[in-house]
Amino acid sequence: MKKPCTPRALYLRKKRNGKIKVLCLQVAVLAVFLGAWEFLTQVRLVDAFFVSSPSRILIKLGQLFRQDFMPHIGITLLECILGFVISTIAGFLAAVALWWSDTLRRVLDPYIVVLNSLPKIALGPIIIIWVGAGMKSIIMMTFLICIVVTVISMLQSFLACDKNKVFLMQSMGASKLQIFYKLVLPNAVPELISVLKINIGLAWVGTIMGEYIMSSAGLGHLIIYGGQVFQIDLVMASIVVLCVLAGLMYFLIARLEKFFRKRRGGSLQ
Amino acid sequence: MDDILTIENVGLTYQSAAHETEALRDISLRVKEGEFVAIVGPSGCGKTTVLSLAAGLLKPTAGSIRLGGKEITGTSGEVGYMLQSDNLFAWRTILQNVTLGLEVQKKNTPENIEYAKQLLQKYGLGDFIKAHPRQLSGGMRQRAALIRTLAFRPKLLLLDEPFSALDFQTRLSVCDDVYAIIREEKKTALLVTHDISEAVSLADRIVVLSARPATVKRIYTLDIDRPTPLKRREDPAFSGWFDKVWKEVGA
Ligand SMILES: Nc1ncnc2c1ncn2[C@@H]1O[C@H](COP(=O)(O)OP(=O)(O)OP(=O)(O)O)[C@@H](O)[C@H]1O
Ligand SMILES: [Mg+2]
C-alpha cells in the first residue's frame, strides 16, 4: 500500500483521525455512564426501584413496544411536529409583516414584549376551556410557546440586514418585495436555521408540558403517569424515546443547514 | 456634449427628532457624458448626500436634479452605485452577484448575462464566475462590485469612496483597474473621495465642497494628459494640482 505524504494528505488524515478520536470518546462516555449505572444497580449500591437501570429500561421498552407504545409515540410526535411547523410558518409570516410595516412593528412592539415574558404555561386552563383537553390544546400550547420567540428572532434577523446593501438594491430600482427575497431573506438564513434549532427544543417543551397538564395519551402522559404510580422504568423508557426523537429532529435541521452550506460554497455566512 | 446629470441650486436638510441638519446649500453641478468628476471636501460635509440625491434615494428640499434631462423622482435603476465596501452577497456566486441588477430590473436575458460574463472575462475574473465572494481578494471583490454596476448599463456611475477599504498597494492598482474599465466602457462617473491624490489621479474635473452646509467652493478642470492614474501620479503637474486642491479643501 502506498502512503501519500503530501501536506494535504497528512492534513486530511490528521483531520479524519481527530474525528474518529472524538467519536470514540463520545461512545466511551455513553458506555461508561450506562455501565456505571447498570453496575451500581446490579450490586445494589443504589436502588433500581428509584433510579431504574439500563437493562430494566430495555426490558420495559420491549414490553411497551409489544403493547400500545406506538400510538403514544405517534401522538406526541404528531403534536410536536404540527406545533413546530405551524408556529414556524405563522411566526415567519408575522415576522415578514412586521419587517414590512414600520407602523405595525411600532404598534405591536409592547405587546410582543409582554407576551414574550409571559410564562405560556399560565394559559393552560384557558386553552383547556377554549379548545378542550386533547391533541388540539397541546398543539395550541406548543404553538404559544414557540411563536413569540420565533417572531422576535426572525424579525431580528431580517432587521440585521446591512443598510448599505439595501441602498445598493434600491439604487438598482429594486422593489421592497425584491429586496426581501433577494437580500433580506437569504441574508437571514443562518439565523433562521438557529431559530429552527431553538424552536424544535421549545416545541418539545410545549408538547410535553401540554401533555402533563391536559392529556390522556402521549409520552408526556406516560411520564406523568409513571411518576404517579412509581414506575420509574416507564418514566425512563419514555424519556429515552423522547431523546431519540428530539435527536432525530435536530439531525434533520442539521442536514438542512448542511444543504444551505453546500449551496453557498462551504459557508453559511 | 449633453449633460447626464444636472444639479441645480440643490439644498438638502435632514430632519431628525433632535434637530435639523442642513447638509447641502445651493449646490449646482453638471456632469457631461463620458466625464469623470470627483467630489472632495472635508469629512461629514455632505458628499455622500450628493450621491444619494443623484441615485434618487433622497429628495432635495430645494432645487432640482435631472438625470439625462428627466427630473429624478425616485430610484430608477439608471444609476450604478458603488460603495466603500463591495457589498457582494456572500450566498451568491460572482456571476450571480454581477447579474443582480439585471435580475432586479428583469433584464436578465441571455444576451445581457453574456455581456456580464464578458466583462468578468475581460477584467480578469473569468476564472471566478462560479466562485463565492469570500474566495476573492479585496481588490478582486471591488472589481466584481464595479462590474455589477456596469452590467445593467447605467447612465451614470456613482462611486462613494470605493477604494478606501483597501490597503494602499491594492488601492493604487484597483484604482488603475477601475479607471481603465470605466474609460474602456465609456462610462460617466461621479466619484466621492476624501483622498485628494486619488481625485487628482482620476478625475477630469474636481468639485471642492465647503464644510457643512456644503456649497460648491470651486471646480477645477484638470489638464494632466496621461492614460492611467498611476502615470498621472508620476506626472510633474500632479503635485501642483494636489497642492491647489488641498489648499482649497483646507481653506
Ligand atoms: N439620515 C440622516 N439623518 C440626519 N443627518 C444625516 C443623515 N445622513 C447624514 N446626515 C448628516 O449630514 C451631514 C452630511 O453627511 P454625509 O454622509 O453626506 O457626509 P460625507 O461628506 O459623505 O461624510 P464622510 O466624509 O464622513 O463620508 C453629516 O453631518 C451627517 O451627520
Ligand atoms: Mg460619505
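## Around Asp204(B)

Let's start with a side-chain pairing in chain B: Asp204(B) and Arg183(B) are joined by a polar contact of 2.8 Å. Keep in mind that this is a predicted model. Asp204(B) sits in the loop between α7 (196-202) and β9 of chain B.

Who else does Asp204(B) touch? Setting aside neighbours within four places in sequence, its contacts are Gly34(B), Glu35(B), Phe36(B), Arg183(B), Tyr220(B), Thr221(B), Leu222(B) and Arg232(B).

Chain B comes with two assigned domains: domain 1 covers 3-78 + 154-250, and domain 2 covers 85-153. Taken over C-alpha atoms, the centres of these two domains of chain B are separated by 24 Å. Where they meet, 16 residues of domain 1 of chain B contact 14 residues of domain 2 of chain B. Putting these two domains together buries about 1,300 Å², with carbon and sulfur atoms giving 68% of that. On the domain 1 side of chain B, the residues that lose the most area to domain 2 are Pro154(B), Ile181(B) and Glu185(B), together accounting for 40% of what that side buries.

There's some charge pairing here too, with three salt bridges counted between domain 1 and domain 2 of chain B. In one salt bridge of chain B, the side chains of Lys122(B) and Glu184(B) come together at 3.6 Å, N to O. Which elements of domain 1 of chain B supply at least two residues each to the side that touches domain 2? They are β7 (156-160) and α6 (168-184) of chain B. Of the elements on that side of domain 1, α6(B) gives the most, with seven residues. By class, the domain 1 side of chain B that touches domain 2 splits into nine nonpolar, two polar and five charged residues.

## Where chain B meets chain A

Now for the contact between chains: 24 residues of chain B touch 21 residues of chain A. The area buried between chain B and chain A is about 1,900 Å², and carbon and sulfur atoms give 64% of it.

How many salt bridges are there between chain B and chain A? The count is one. That salt bridge brings together the side chains of Lys182(A) and Glu103(B), at 2.7 Å from N to O. The interface of chain B and chain A also has six residue pairs in polar contact, both members being at pLDDT 80 or more. On the chain B side that touches chain A, β6 (79-82) and α3 (100-104) each supply at least two residues, and α3(B) gives the most, with four. The chain B side that touches chain A contains twelve nonpolar, seven polar and five charged residues.

## Inside chain A

Chain A also has two assigned domains, domain 1 (1-46) and domain 2 (56-263), with their C-alpha centres 33 Å apart. For a local salt bridge, have a look at Arg105(A) and Asp102(A), whose closest N and O atoms are 2.8 Å apart. These two residues are three apart in helix α5 (residues 102-117) of chain A, so about one helical turn separates them. Over all chains, the structure has 21 salt bridges.

The structure also holds 13 aromatic pairs over all chains. One of them is Phe49(A) with Phe230(A), a stacked pair at 5.8 Å centre to centre with 15 degrees between the planes. Phe49(A) belongs to helix α2 (residues 48-51) of chain A, while Phe230(A) is in the loop between α10 (219-228) and α11 (232-263) of chain A, so this pair ties together parts that are 181 residues apart in sequence.

Most residues other than glycine have a negative phi, and most peptide bonds are trans. Here are two spots to check against that. Arg44(A), though not a glycine, has a positive phi of about 60 degrees; Arg44(A) is in the loop between α1 (7-42) and α2 of chain A.

The peptide bond from Arg212(B) to Pro213(B) is cis, with omega near -10 degrees. Pro213(B) lies in the loop between β9 (205-209) and β10 (216-221) of chain B.

Terms used
Residues are numbered from 1 along each chain as its sequence is written. Chains are lettered from A and ligands numbered from 1 in the order in which they are written. This is a predicted model: local features need pLDDT of at least 70, side-chain atom pairs count only at pLDDT 80 or more; totals for chains, interfaces and linings use all residues. Side-chain values use heavy atoms; hydrogens and water are left out. Contact means heavy atoms within 4.5 Å. Buried area is the accessible area (1.4 Å probe) that two parts lose on being put together, summed over both. A salt bridge is a side-chain nitrogen of Lys or Arg within 4 Å of a carboxyl oxygen of Asp or Glu. A polar contact is a pair of N or O atoms within 3.5 Å; within protein, one must be able to donate a hydrogen and the other to accept it, and residues adjacent in sequence count only if both atoms are side-chain atoms. Ala, Val, Leu, Ile, Met, Phe, Trp, Tyr, Cys and Pro count as nonpolar, Asp, Glu, Lys and Arg as charged, and the others, Gly among them, as polar. Domain bounds come from an automatic or database domain assignment. Rings of Phe, Tyr and Trp (its six-membered ring) pair if their centres lie within 6.5 Å; planes under 30 degrees apart count as stacked, over 60 as edge-to-face and the rest as tilted.
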